[in-house]
Amino acid sequence: MSVTGFCRGSTIGICYGRNADDLPTPDQASQLVQRHNIKYVRIYDSNIQVLKAFANTGIELMIGIPNSDLLPFSQFQSNADTWLKNNILPYYPATKITYITVGAEVTEAPANVSALVLPTMRNVFTALRKAGLQRKIKVSSTHSLGVLSRSFPPSAGAFNSSHASFLKPMLEFLAENQSPFMVDIYPYYAYRDSKSNVSLDYALFESSSEVIDQNTGLLYTNMFDAQIDAIYFALTALNFRTIKIMVTETGWPSKGSAMETAATPDNAQTYNTNLIRHVINDTGTPAKPGEELDVYVFSLFNENRKPGLESERNWGLYYPDMTSVYNLDFTGRGAVDMTTGVNGTGSNGTWCIASSTASDTDLQNAVDWACGSGNVDCSAIQPSQPCFEPDSLVSHASYAVNSYYQQNGATDIACSFGGAGVKTNKNPSYDKCLYMTAGSKKTAAASNVTAKPSTSPSTGSKFYSISTWLHACLLTTSLVLLNLGNV
C-alpha cells in the first residue's frame, strides 16, 4: 500500500526545493519521487520543466507564486489570467496540480508583502473559476509559526494582533472556499533556540513523559502536536472552526554549524521516521484525535545556495547525486535500519564504486567479471530487484564491483578493475539497495534479519518478519514499474 495513494487519510508529501546549482534534472527528481511511490510534491514556483517532469505520473503537485511575484498578480486580474493560461493550463490535467500557494511565510519576509496576498489569492481564484477549476485547484498561502503571538500552552494559541488586518480577511477567504490553512512547523527550531525549555526527546517524538495543558487537561508527548493544536486553538478563538490545517513544511537538518549540535543524521532520521508513522496512523492531535493531517517533509535535496547557518543547506533526504543522506521508510509501517544511516560507515569504512571516468566498455567488463568469474551474487541488479533502479551501467557496475571488493578482503587490488573501480568512504546504499560491507554475507536481496517493531497509539506494536518486508518491497517495486510503464 502506498504511503500516500490508495486510501485517503492523512498523507505524507515531499518539498522539492531547488535553491542549488548542483541538483539533478527535474526528470531525474521525478523518477526518484516515483521510486518511493510518493504521491504528493510541493514546489515553490511554476517552473515549466518541473511541471512537464511530473506529467502523467499521478503525483499531486502543489505549486507556488513567490513573494517577489505578488505585486503584479495583486494589481491586475489580467496578469493572473495570463499566468494561468500560459503556465498552468497547457500542462493540466496531465500534471495533476491541486494547490496553488500565494506567497510563502509573508509575515517573515523582509519586505512587507502581506497586504498583497489576499488580492493575489482572489485574482488567482477568479482565473481558476473562469477556467472551471476553482473546485479542483485550491488556493491558499503558507505561514510560519511566527504568525502566532502565543503558542504555549496550546489552548492559549493566538494569532499576532499585528497581522490581524491581513489574517482575518484571508481566513474568511479560506473558509468560504474550503481551502486549508497552511503552516510550516519546525520543532527543531523550538529546541535549538530554547533548550532549557524543550527537551530533545520531546522535539523528536521520543519523549516518555507528558506535558500537560493546564487549561484543558490535554496531554502532549511531542512538540509537533502542541504546535498544531496551538494553530487549532488560534483559529477557534477567531471562530474559524471548519478550516483544516495542512503542514506544508516540516523536517530536521542532518548537519549544522558548531552551535547546532542537534543537527545530525541520526536525529533527522528519528524525527522524520516518527513523524511519518505518527501521521500515517491518523493519530491526530490531543485536541483533534483522529483528525486527518496532510504533511510535507522538507526537503527532497540538500540545497547548497540557501543562505544562513550550515543547517539551512542540509535539510535534504538526498544528496544532489541522489544518494540517501540517511535511511527513511516512507511507508511508516515497516522497519527502518536505525543503526546505520545510508551515509554512515560500514564495518571497514570503505566501499568500491564505478569510476566516473571509466568507459562503458571497461564498466561492462567489470560487471561481467564480478558477476561471472568473480562469483558475485548480482541478482539484486536484475529487473524488479532492489538495486535495478536506476537502470544505468554505472549504477549496476558500482554494486557489482563493491560486492567483489568486500568479498575479497576489501583490498586496494580488489577495487582496481583496471581503473574502473574507485574506493570511497561514503556508503553508496540507497532506498532498499544495501551495498555489502566487509564480512557481511547478505545483500539487499537476501537480508536475514527481523524487522524492528513499528508502534503507535492507534495500532499498538506490530512486528514485521523479513518475508513480509520483502513481499511488500517487491509489490511496491512492481507497482511503480507498472505505473512507469503506463506513463
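Residues are numbered from 1 along each chain as its sequence is written, and side-chain values use heavy atoms, with hydrogens and water left out. Because the model is predicted, local features need pLDDT of at least 70 and side-chain atom pairs count only at pLDDT 80 or more, while totals for chains, interfaces and linings use all residues.

**Two helices**

Helix H11 covers residues 360-371 and helix H12 covers residues 393-407. Helices (H or I, at least four residues) and strands (E, at least two) are DSSP runs, numbered from the N terminus. The axes of H11 and H12 are 9 Å apart, at an angle of about 40°. Axes are lines fitted to C-alpha atoms, for helices over the stretch in contact, and angles run from 0 to 180 degrees between N-to-C directions. H11 and H12 are therefore oblique to each other; angles under 35 degrees count as roughly parallel, over 145 as roughly antiparallel, 65 to 115 as roughly perpendicular and the rest as oblique.

Residues of H11 that meet H12 include Leu363, Val367 and Trp369, and those of H12 include Leu393, Ala397 and Tyr404. Contact means heavy atoms within 4.5 Å.

**Nonpolar cores**

A nonpolar core is a set of buried Ala, Val, Leu, Ile, Met, Phe, Trp, Tyr and Cys residues joined through side-chain atoms within 4.5 Å. Buried means under 20% relative accessible area, exposed over 50%, partly exposed in between (1.4 Å probe, protein chains only). The largest nonpolar core has 108 residues, and Phe181 and Phe224 have the most contacts inside it. Helix H9 (residues 223-237) gives the most to this core, with nine residues. Apart from this core lies another, of 27 residues, among them Ala358 and Tyr399.

Leaving aside neighbours within four places in sequence, the contacts of phenylalanine 224 include Ile185, Phe205, Tyr271 and Leu293.

**Two loop residues**

Asparagine 304 is in the loop between strand E12 (294-298) and strand E13 (351-354). Lysine 255 is in the loop between strand E11 (245-250) and helix H10 (265-280).

Asparagine 304 counts as partly exposed, at 33% relative accessibility. Lysine 255 counts as partly exposed, at 45% relative accessibility. Leaving aside neighbours within four places in sequence, asparagine 304 is in contact with Asn19, Ala20, Asp21, Asp22 and Arg313.
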